[in-house]
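Please examine the sequence and the structure below before reading on.

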Amino acid sequence: MTSYSPGETAEKSGFSIDTLRYYEKIGLLSGIARNASGRRVFSDDDLQWLEMLRCLRGTGMPIAEMLRYSELARGGPETVQERLELLQEHDRRVEEQIAELRERQEQIQWKIRFYSGSLCGDLPA
């Protein structure tokens, strides 16, 4: 099994070392191994978990919900239904955000078409 230093993990995950420490402190990362010197070492499983955390955070999941998801994930097979429901609710919110962005994008694209067709003169905002 491959192990990674905090610096390597930060580089591979895209999280800063401070964020890794913070996530461990609040419980988003648990069971991080230590080497003989007491330094943290991360595994491929830890990197996969960090990838999931990045996905959740990047799609706007609040830290409190990420913590709940983490707790449920550590709960084993009995919590699969709760995890599913939590992720389905988050997915619904993501869909709403995407729809809002699409509407805003249409407005921007309309303005681009407007400006592209204007050769001179006073242009409205």
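Predicted model: local features only at pLDDT ≥ 70, side-chain atom pairs only at ≥ 80, totals over all residues.

Is Glu65 buried, exposed or partly exposed? With a relative accessible area of 23%, Glu65 is partly exposed, because the buried class lies under 20% and the exposed class over 50%.

**Helix H3**

- Helix H3 covers residues 44-58 and consists of 15 residues.
- From the first C-alpha of H3 to the last the distance is 21 Å, close to the 21 Å expected at 1.5 Å a residue.
- The buried residues in H3 are Asp46, Leu47, Leu50, Leu53 and Leu56.
- Against these buried residues of H3 pack strand E1 (3-4), H1, H2, strand E3 (40-43), H4 and H5.

**The packing of H3 and H4**

- The axes of H3 and H4 lie 10 Å apart, and the two helices pack at an angle of about 145°.
- H3 and H4 form a right-handed crossing.
- On the H3 side, the contact is made by Trp49, Met52, Leu53, Leu56 and Arg57.
- On the H4 side, the contact is made by Ile63, Met66, Tyr69, Ser70 and Ala73.
- Sorted by class, the residues in this contact of H3 with H4 are 8 nonpolar, 1 polar and 1 charged.

**The nonpolar core**

- The largest nonpolar core contains 18 residues.
- Within this core, the residues with the most contacts are Leu20, Tyr23, Leu29, Phe42, Leu50, Leu53 and Met66.
- Helix H2 (17-26), H3 and H4 are the elements that give two or more residues to the core.
- H3 gives the most to the core, with 4 residues.
- Met66 has a place both in the core and in the contact of H3 with H4.
- Leaving aside neighbours within four places in sequence, Met66 is in contact with Tyr23, Leu28, Leu53, Leu56, Arg57 and Met61.

**Helix H5**

- Helix H5 runs over residues 80-117 and has 38 residues.
- H5 reaches 54 Å from its first C-alpha to its last, close to the 56 Å expected at 1.5 Å a residue.
- Arg83, Leu86, His90 and Val94 are the buried residues of H5.
- The cover over these buried residues includes helix H3 and helix H4 (63-74).

**Two residues of helix H4**

- Glu65 belongs to helix H4.
- When neighbours within four places in sequence are left aside, Glu65 is in contact with Leu86 and Arg93.
- Glu65 and His90 are 25 residues apart along the chain, and their C-alpha atoms are separated by 9.2 Å.
- Ala64 also has its place in helix H4.
- Ala64 counts as exposed because its relative accessibility is 57%, and the exposed class lies over 50%.
- Ala64 and Ile26 are 38 residues apart in sequence, with 10.0 Å between them in space, C-alpha to C-alpha.

**A loop residue, Thr59**

- Thr59 is located in the loop between H3 and H4.
- Its relative accessibility is 26%, so Thr59 counts as partly exposed.
- Not counting residues up to four places away in sequence, Thr59 touches His90, Val94 and Gln97.
- Of these residues, His90 and Val94 are among the buried residues of H5.
- Thr59 and Gln97 are separated by 38 residues in sequence and by 9.0 Å in space, C-alpha to C-alpha.

**A residue of helix H1, Ser13**

- Ser13 is part of helix H1, which spans residues 6-13.
- Ser13 counts as buried because its relative accessibility is 13%, and the buried class lies under 20%.
- Not counting residues up to four places away in sequence, Ser13 touches Leu20, Leu47, Leu50 and Arg54.

Key
Residues numbered from 1 in each chain as written. Heavy atoms only, no water. Expected span 1.5 Å × (residues − 1). Buried < 20%, exposed > 50% of the residue type's maximum accessible area, 1.4 Å probe, protein only. Contact = heavy atoms within 4.5 Å. Core = buried A, V, L, I, M, F, W, Y, C linked by side-chain atoms within 4.5 Å. Axes fitted to C-alpha atoms, helices over the stretch in contact; angles between N-to-C directions. Left-handed = near helix turned anticlockwise from the far one by under 90°. Nonpolar A, V, L, I, M, F, W, Y, C, P; charged D, E, K, R; others polar.
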